[in-house]
Amino acid sequence: MVQEQHTNFEPDRSVETNSEKTTAVNTTNDYDPYSHRVVRRPTTNLETLVHLFKCSCGTGILAMPKAFSYSGYTVGIIGTIVIGFLVTYCVHLIIRCEYELCKRRRVASLTYPGIAEAAFADGPKAMQKIAPYAGHVINAFLFVYQMGSCCVYLVFIAVNVEAVVSQYTEGYGTEMYILMFLVPLVLINWIRDLKRLAPLSTVANCVTLVSLAIILYYTIERGPTFSARKPVGDLRDFPLFFGTVIFAIEAIGVIIPLENEMKHPQAFGGTFGVLNQGMGAIVVLYGCVGLLGYLSYGSTTEGTVTLNLPKDEIVAQIVKVSLASSIFISYTIQYYVAIDIAWNHYLGPKFEKHPRVGLIEYTLRTFLVVLTCALAAAVPALDLFISLFGALCLSAVGIAIPAAIECGTFWYQTRGWRLCWMITKNVALVLFGLCGLIVGTYTSLRDIIARFL
């Protein structure tokens, strides 16, 4: 773990001329946060790149063909590149702001909520008023996103197991398969130390990579064609494309911890840094999977491309079951982040002296698993779940909030045309993020209601 992480700050203020009080932040140039980080097991650049790639390769990549079916192949390619660029750029903003804010406060590193709280505290008076709540807002978005990811994983597991079992016996419906996994998920998520799951996680990652290669083989073997494929999709479906792609590509919850754990964190940013290398490869891979999948299956593309594989071929069935098993393990990773926010940040400190604090924690762990199973069983729609949580949460924490953080961080250090440019650019990003949040969430909920009600 990285030491010296803080989340609550008071801005350093001084009085300037013109009889107006403004904030002047002390930027101590002789303090380098990178040289003061104490990491027990720092990661190399290559290890960080591998971790970044692993964190981004989940169920989202298997939904990319469905995203292209919403947008059409031309808009799909352009849109994936644009969204990937915006997501990467906003991560650069956060990393740059973290470094500046750490210098001012002479701390080694900050969490994402801590960065937001510190940036707003150093910003204009309007931001200073909401600074104490900024971290809580981000934690709320991250919690909902992680819980949503757990729902997505559950539906993915259920639909793939159902697709295989239905070839040999009568099916029971997706909802029943979701409920079948309830008890195993409760038990595995009672494990409080993720290190015990590390060997299984490593195996799951290998299974995912091999399965993805087999899926690409099936997709190419089918023969991608532009015949009867739309270059531009229906305008009403574009928000679903946006939500799906940002869900697939965005990994804001793990990127900052990855940078904080590096042996050489200064190599994370930069033109040819770890971030650009990793995100560049991810965007290219996701774009290729989305394009090939859509060109191969067209309007019949399913919410996950695994359901388009031949139903009666043993290899395809093994891929489905293998990926379902892999995602079962990955569920615990997503769930761990959610329980960390709910318990360690909020409920845990309130019950730390309670005689039955352990029972309370296990009750919370059980309740959250039951909640994800209930939501997944109520709306077993993989494609709509992905677009919903992508638009609802990641538009905010991945695009809008990073732009606001930069404004707060450099509000009193930027002058002239640079200040105008910063404000204009970041207002545009905030509006874009909010538009994606509102329109994407509305469209996903509209289709969920139409499909199930």
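For the residue classes used here, Ala, Val, Leu, Ile, Met, Phe, Trp, Tyr, Cys and Pro count as nonpolar, Asp, Glu, Lys and Arg as charged, and the others, Gly among them, as polar. This is a predicted model: local features need pLDDT of at least 70, side-chain atom pairs count only at pLDDT 80 or more, and totals for chains, interfaces and linings use all residues. Residues are numbered from 1 along each chain as its sequence is written, and side-chain values use heavy atoms, with hydrogens and water left out.

**View 1. Lining of the largest cavity.** Here we look at residues including Cys57, Phe156, Thr208, Leu323 and Ile327, which line the largest cavity (on a 1 Å grid over the protein atoms alone, a set of points where a 1.4 Å probe fits but cannot get out; lining residues have an atom within 4 Å of a point). The lining splits into eight nonpolar, four polar and no charged residues.

**View 2. Helices around the largest cavity.** Helices (DSSP runs of H or I, at least four residues, numbered from the N terminus) α2 (59–62), α9 (198–222) and α13 (314–351) each put at least two residues into the lining. The most come from α9, with four.

**View 3. Where α3 meets α4.** From α3, Met64, Phe68 and Ser71 touch Tyr73, Val75, Gly76, Ile77 and Thr80 of α4 (contact means heavy atoms within 4.5 Å). Sorted by class, the residues of this contact are five nonpolar, three polar and no charged.

Notes. On a 1 Å grid over the protein atoms alone, a cavity is a set of points where a 1.4 Å probe fits but cannot get out, and a pocket is an open set with protein on both sides within 12 Å along at least five of seven lines; lining residues have an atom within 4 Å of a point.
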